[in-house]
Amino acid sequence: ELDHFPNLVINEAMASGCAIIATNVGRAYLFVKDGDNGYLTPSDDESGLTQSLRRFLSQSPETWDQMMKRSRELCETVHTPANFIKGIDSF
């Protein structure tokens with residue numbers, strides 16, 4: 001639950017402007033805002049992934065674009081190097 005490597009991958013994808021579909025492992029919930037910049041799967045199996053993929057694909061291309069832009073915005077305003085350093089320092 002404290003594995004940070006998935007978060008690195010999620011953050012890199014967000015910085016690239018991708019909408020994110022991810023299982024809720026570790027602290028993924030800090031990066032993926034369900035329905036805002038992507039979807040957290042309701043379960044950690046293929047059924048959960050299928051549900052989230054269908055949910056995403058049922059949206060309009062305009063919604064996809066909004067989610068992708070929101071991912072990038074979160075990287076630029078929330079998940080910044082300065083905020084990461086603050087988190088490490090407080091730890």
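## Briefing: core, helices and cysteines of a predicted model

Leaving aside neighbours within four places in sequence, Leu74 is in contact (heavy atoms within 4.5 Å) with Met14, Phe31, Lys33, Asn37 and His79. This is a predicted model, in which local features need pLDDT of at least 70 and side-chain atom pairs count only at pLDDT 80 or more, while totals for chains, interfaces and linings use all residues. Residues are numbered from 1 along each chain as its sequence is written, and side-chain values use heavy atoms, with hydrogens and water left out.

- Leu74 lies in helix α3, where helices (H or I, at least four residues) and strands (E, at least two) are DSSP runs numbered from the N terminus.
- With a relative accessible area of 4%, Leu74 is buried; buried means under 20% relative accessible area, exposed over 50%, and partly exposed in between, for a 1.4 Å probe and protein chains only.
- Leu74 and Asn37 are separated by 37 residues in sequence, and their C-alpha atoms are 8.7 Å apart in space.
- The largest nonpolar core has 10 residues in all, namely Ile10, Met14, Ile20, Ala22, Ala28, Phe31, Val32, Leu40, Leu74 and Cys75; such a core is a set of buried Ala, Val, Leu, Ile, Met, Phe, Trp, Tyr and Cys residues joined through side-chain atoms within 4.5 Å.
- Two or more residues of this core come from each of α1 (5–15), β1 and α3.
- In soluble globular proteins, nonpolar side chains tend to be buried together.

**Ile10 in helix α1**

- Ile10 belongs to helix α1 and, at 9% relative accessibility, counts as buried.
- Not counting residues up to four places away in sequence, Ile10 touches Ile20, Ala22, Ala28, Phe31 and Val32.

**Helix α2 and its packing**

- Helix α2 (residues 46–57) has 12 residues and reaches 16 Å from its first C-alpha to its last, close to the 16 Å expected at 1.5 Å a residue; the expected span of a helix is 1.5 Å times one less than its number of residues.
- Gly48, Ser52 and Phe56 are the buried residues of α2, and they cover an arc of only 70 degrees around the axis, which puts them on the same side of the helix; the arc is that of the directions from the helix axis to the C-beta atoms.
- An α-helix has 3.6 residues a turn, so residues three or four places apart point the same way.
- The exposed residues Glu46, Arg54 and Leu57 are carried on the face of α2 turned away from its buried side.
- The buried residues of α2 pack against β1 (20–22), β2 (38–40) and α3 (61–77).
- Ser52, which has a relative accessible area of 3%, is in contact with Ile21, Tyr39, Leu40, Thr41 and Pro42, leaving aside its neighbours within four places in sequence.
- Ile21 lies in strand β1 and is partly exposed, with a relative accessible area of 24%.
- Ile21 touches Tyr39, Thr41, Leu49, Ser52, Leu53 and Phe56, not counting residues up to four places away in sequence.

**Helix α3**

- The 17 residues of α3 reach 24 Å from the first C-alpha to the last, close to the 24 Å expected at 1.5 Å a residue.
- In α3, Thr63, Met67, Ser71, Leu74 and Cys75 are buried, and, seen down the axis of α3, these buried residues fall within an arc of 120 degrees, so they line one face of the helix.
- On the face of α3 turned away from its buried side are the exposed residues Glu62, Gln66, Lys69 and Thr77.
- Glu76 also lies in helix α3, and its side chain makes a polar contact with the side chain of Arg72 at 2.9 Å; a polar contact is a pair of N or O atoms within 3.5 Å, where within protein one must be able to donate a hydrogen and the other to accept it, and residues adjacent in sequence count only if both atoms are side-chain atoms.

**Cysteines**

- A search of the whole structure finds zero disulfides, a disulfide being a pair of cysteine sulfur atoms within 2.5 Å.
- Cys18 is in no disulfide and, at 32% relative accessibility, counts as partly exposed.
- The sulfur of Cys75 is 10 Å from the closest cysteine sulfur, in Cys18, which is too far for a bond, and Cys75 counts as buried at 11% relative accessibility.
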